[in-house]
Amino acid sequence: MNAPPEWEPEPPTVVVAAAHQMRGPLSSVRLRLELLQDRYLDAADPAPGREVAAILREVARLSEVLEQVLAWGAVEHAVARAETADALAVAGLRVEAWSAAARAGGTHLEIIGERAPLVQQPGTLEQTLDVLLDNALKVSPPGGTVRVSVGRDAPGEVAVDVCDEGPGMTREEIAHACEPFWRGRAGRGGRGSGLGLTIAAALLGASGGRLELGLRTGLPGLRARAVLPADAPAPTGPPQAPAPTARASPLVRTTS
């Protein structure tokens, strides 16, 4: 069964402020390195150019970490303004956006579900799915499948599941998964910052939702579930029995 991680994310002001202060100097370092790299383009000895290129890659990685820290901090200071969205439409767009990465890794990317209107802070589900799909594709073996499922959860809630066929997590890892900069077995040695799930959990929490992580029943891999409040428009007249043909048709789509 899925369960919310025990840790409740709270963006620390000091860390976010430090990230802001580092942004400018890091941009200056990158510019100087790029100018230096240009000087080595036609050098007789290619070794210095390769070294500068390697340093630039590390600078780019550090810039990515800083941007994620800033995104984490932005959740705390965001102005509360809700929007309605169709979870299936949002998930379909994110699956399409990640389809090229899935094909490059030899992974099948599927989506299934029905229309499910929800309420969120702008961009919450989009950003959350980017984190969950990125993680799922990184751990999926070649030939594996990542499935996105959209539907109603408990009364008044919409759930979007991302299931992979990777190594999964232990219960202890799940309990710590949303702690900032924490990385489990599958993420160690990779290029991630350890902030993706932290940001996703904070975004969902700011929208009145939650992130649930759990093992798949009888199957390998992890189930990551984004839960958000359902949009329940007020009735405009007396309740009526639904017509037999009023059911929404499910969407099933595979990208491979």
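Modeller: In what follows, a strand is a DSSP run of E with at least two residues, a helix is a run of H or I with at least four, and both are numbered from the N terminus. The model is predicted.

Colleague: In which strand is the place of Gln120?

Modeller: Gln120 falls within the run of residues 117-120. By the numbering from the N terminus, that run is strand E3.

Colleague: Is Gln120 buried or exposed?

Modeller: The cut-off for buried is under 20% relative accessible area. Gln120 has 1%. Because this value lies under the cut-off, Gln120 is buried.

Colleague: Which backbone nitrogen does the side chain of Gln120 reach?

Modeller: Apart from its neighbours within four places in sequence, Gln120 is in contact with residues including Arg81, Ala82, Glu83, Ala85, Ser207 and Leu228. Leu125 and Glu126 are also among its contacts. At 2.8 Å, the side chain of Gln120 reaches the backbone nitrogen of Leu125.

Colleague: At what angle do helix H3 and helix H4 pack?

Modeller: Helix H3 covers residues 87-104 and helix H4 covers residues 124-139. Their axes are 10 Å apart. H3 passes H4 in a right-handed crossing, and the packing angle is about 35°.

Colleague: How many residues of the contact of H3 with H4 are charged?

Modeller: On the H3 side the contact is made by Ala87, Val90, Ala91, Arg94, Val95, Trp98, Ala101 and Ala102. H4 contributes Leu125, Glu126, Leu129, Asp130, Leu133, Asp134 and Leu137. Of the residues in this contact, eleven are nonpolar and none is polar, and the number of charged ones is four.

Colleague: With which residue does Asp134 form a salt bridge?

Modeller: Side chains of opposite charge can pair when their charged atoms come close. For Asp134, the closest N and O atoms of the salt bridge are 3.4 Å apart. Both partners lie in helix H4, four residues apart, about one turn of the helix. The partner of Asp134 is Lys138.

Colleague: Why does Lys138 count as exposed?

Modeller: Asp134, its salt-bridge partner, is partly exposed, with a relative accessible area of 25%. Exposed requires over 50%. Lys138 is exposed because its relative accessible area is 55%.

Colleague: How many residues apart in sequence are the parts that Glu157 and Arg210 tie together?

Modeller: The side chains of Glu157 and Arg210 meet in a salt bridge, at 2.8 Å from N to O. Glu157 lies in strand E5 (residues 157-163) and Arg210 in strand E6 (residues 210-215), so the separation of the parts in sequence is 53 residues.

Colleague: Which strand holds Arg225?

Modeller: Arg225 meets Asp161 in a salt bridge, at 2.6 Å from N to O. Asp161 lies in strand E5, so the pair ties together parts that are 64 residues apart in sequence. Arg225 counts as buried at 18% relative accessibility, and Asp161 counts as buried at 5%. The run of residues 222-229, which holds Arg225, is strand E7.

Colleague: How many residues of helix H6 are buried?

Modeller: Helix H6 spans residues 196-206 and has eleven residues. Gly196, Leu197, Thr198, Ile199, Ala200, Ala201, Ala202, Leu203 and Leu204 are its buried ones.

Colleague: Which residue takes a positive phi just after H6?

Modeller: The phi just after H6 is about 80°, and the residue is Gly208.

Colleague: How far apart in space are Leu66 and Arg23?

Modeller: Leu66 is in helix H2 (residues 47-77) and counts as buried at 7% relative accessibility. In sequence, Leu66 and Arg23 are 43 residues apart. From C-alpha to C-alpha, the distance is 7.3 Å.

Colleague: What pattern does the protein chain follow along the sequence?

Modeller: The protein chain has six helices and eight strands. Of its 256 residues, 40% count as buried. Read along the sequence, the pattern is α-α-β-α-β-β-α-β-β-α-α-β-β-β.

Notes
Residues are numbered from 1 along each chain as its sequence is written. This is a predicted model: local features need pLDDT of at least 70, side-chain atom pairs count only at pLDDT 80 or more; totals for chains, interfaces and linings use all residues. Side-chain values use heavy atoms; hydrogens and water are left out. Buried means under 20% relative accessible area, exposed over 50%, partly exposed in between (1.4 Å probe, protein chains only). Axes are lines fitted to C-alpha atoms, for helices over the stretch in contact, and angles run from 0 to 180 degrees between N-to-C directions. A crossing is left-handed if the near helix is turned anticlockwise from the far one by less than a right angle, and right-handed if clockwise. Contact means heavy atoms within 4.5 Å. Ala, Val, Leu, Ile, Met, Phe, Trp, Tyr, Cys and Pro count as nonpolar, Asp, Glu, Lys and Arg as charged, and the others, Gly among them, as polar. A polar contact is a pair of N or O atoms within 3.5 Å; within protein, one must be able to donate a hydrogen and the other to accept it, and residues adjacent in sequence count only if both atoms are side-chain atoms. A salt bridge is a side-chain nitrogen of Lys or Arg within 4 Å of a carboxyl oxygen of Asp or Glu.
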